[in-house]
Amino acid sequence: MNQDFDIIVVGGGAAGFFTAINIVEKNPKLKVAILERGAEVLQKVRISGGGRCNVTHACFEPNELVKFYPRGEKELRGPFHQFCSGDTIEWFEKHGVELKIEDDGRMFPVSNSSQTIIDCFLEATTKLGIKVLTGQSVQSIFRPEIAGESVWKIETQSENYITEKLVLATGSNPKVWDMLQTYGHAVVNPVPSLFTFNIKDPRIKELPGVAALATVKVKDSKLESTGPLLITHWGMSGPAVLKLSAWGARILHDKNYQFTIYVNWLNDVDANDAEIKLKELKQEHAKKAVSKKSPFDFPNRLWESLVLASGIEIETKWADLSKVQLQNLANQLTNGSFQVNGKSTFKEEFVTAGGIDLKEINFKTMESKLHNNLYFAGEIVNIDAITGGFNFQNAWTSGFIVANAI
Ligand SMILES: Cc1cc2nc3c(=O)[nH]c(=O)nc-3n(C[C@H](O)[C@H](O)[C@H](O)COP(=O)(O)OP(=O)(O)OC[C@H]3O[C@@H](n4cnc5c(N)ncnc54)[C@H](O)[C@@H]3O)c2cc1C
């Protein structure tokens with residue numbers, strides 16, 4: 001037997017819940033259901049932000065906010081003018097959830113628990129009479145005509161559903177993308193984003209936990225980023241690396257995650273200026289051991305490792321440095337090359353780059369340009385961001401726009 005709804009939202013994640021709740025809040029007469037394949041809803045919200053849920057980012061200007069999206073920068077400009085991070089804060093406040101800003105701009109519930117967000121969504125769906133149907137994995141969708149009207153028919157493993165309007169908020173699910181391709185939608189090949197670099201190198205082997213501000217460039221590409229770099233047991237992580245992994249998601253995938261990076265531990269200082277600075281230090285500290293203390297704004301352990309990598313013995317005094325050793329050190333400081341062999345998952349947040357081709361979506365409504373009454377919200381589309389709460393902001397914004405349009 002078919003179950004009838006005005007609107008079916010497929011996917012019980014962040015985008016699906018936000019869409020369904022906003023639809024019924026705007027029009028309580030509508031009969032709405034969320035179909036979720038898993039036994040539990042909002043699983044990613046639960047584990048997000050290390051269990052704290054980084055809900056959004058304290059960047060309130062749409063034209064600035066879009067800059068955090070390697071895919072979607074152009075398309076999100078309009079949507080963020082409809083629903084931006086400030087609206088997210090207000091929305092959650094109205095629903096009893098207060099958010100706080102951390103020093104780096106990330107925003108979390110004051111409770112520091114993702115459960116607060118889950119409770120908020122579950123309470124809202126109950127209050128609004130939205131049916132949340134779990135264990136319903138959508139297998140296929142059809143577009144039959146009933147009484148002269150095109151409707152959507154959805155088949156799960158156990159039920160059939162009929163709805164006038166269909167919202168797909170299934171995240172990065174290749175099966176759903178395959179299904180949509182049979183409906184003529186183009187899907188941009190999914191590749192991972194937000195990962196860390198695997199590097200085995202004697203210079204960093206003994207330094208897990210050491211962090212410094214650095215500029216990282218990928219050889220033979222325009223990829224470059226500046227920010228905190230964290231040395232890990234496996235290689236390198238931290239915002240500088242994660243940003244590169246996001247902006248370079250496709251390029252690095254094409255390189256099969258085998259590439260060379262150049263690290264400048266002095267950021268914008270080049271090798272020539274570094275050499276001049278080192279010559280000054282040679283005069284100033286002539287009698288002191290070079291390796292003893294970092295003259296730059298990064299940890300001593302890293303300095304000592306770079307000094308040794310420049311062919312300078314641990315006890316060598318500044319006065320005894322040869323020209324070649326000075327040049328080597330300047331090079332290690334500003335242009336040290338490291339070979340990346342593979343990637344590792346970043347625990348806090350990882351996303352998929354790829355999804356429904358943005359050209360096929362009307363960003364005023366998030367409706368498909370190919371099929372009327374078919375809408376998309378969240379990570380199913382080819383939009384993703386760097387870490388910091390931006391990926392959820394995309395889920396909230398797209399969900400809000402779908403609800404508004406419907
Ligand atoms: C570990 C981790 C931590 C993260 N932390 C953060 C963070 O703190 N801040 C941030 O901004 N972003 C974070 N992200 C990214 C963020 O979680 C995603 O961008 C966001 O969840 C996307 O929401 P969505 O609703 O589009 O997709 P999802 O959350 O993936 O939800 C999709 C839902 O659809 C269901 N589904 C899929 N296929 C079907 C089907 N055929 N039938 C029925 N149901 C189906 C899935 O089971 C799932 O419940 C994190 C990601 C990870 C992996």
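1. The structure is a predicted model, in which local features need pLDDT of at least 70 and side-chain atom pairs count only at pLDDT 80 or more, while totals for chains, interfaces and linings use all residues. Residues are numbered from 1 along each chain as its sequence is written, and side-chain values use heavy atoms, with hydrogens and water left out.

2. The shell around the ligand comprises 33 residues, a residue being near if one of its heavy atoms lies within 4 Å. Glu36, Asn173, Glu348, Glu379 and Phe392 come nearest. By class, the shell holds twelve nonpolar, 14 polar and seven charged residues; Ala, Val, Leu, Ile, Met, Phe, Trp, Tyr, Cys and Pro count as nonpolar, Asp, Glu, Lys and Arg as charged, and the others, Gly among them, as polar.

3. Helices H1 (14–26), H2 (43–51) and H14 (390–405) each supply at least two shell residues, helices being DSSP runs (H or I) of at least four residues and strands (E) of at least two, numbered from the N terminus. H2 gives the most, with four residues.

4. A polar backbone atom of phenylalanine 392 is 2.7 Å from an oxygen atom of the ligand. For asparagine 54, a polar backbone atom lies 3.0 Å from a ligand nitrogen atom.

5. The structure holds 13 salt bridges, each a side-chain nitrogen of Lys or Arg within 4 Å of a carboxyl oxygen of Asp or Glu. One of them joins arginine 52 and glutamate 102 (3.0 Å, N to O). Arginine 52 lies in the loop between H2 and strand E3 (56–57) and glutamate 102 in the loop between strands E4 (99–101) and E5 (106–109), so the pair ties together parts 50 residues apart in sequence.

How values were computed. Polar contact = N/O pair within 3.5 Å; in protein donor to acceptor, adjacent residues only side chain to side chain.
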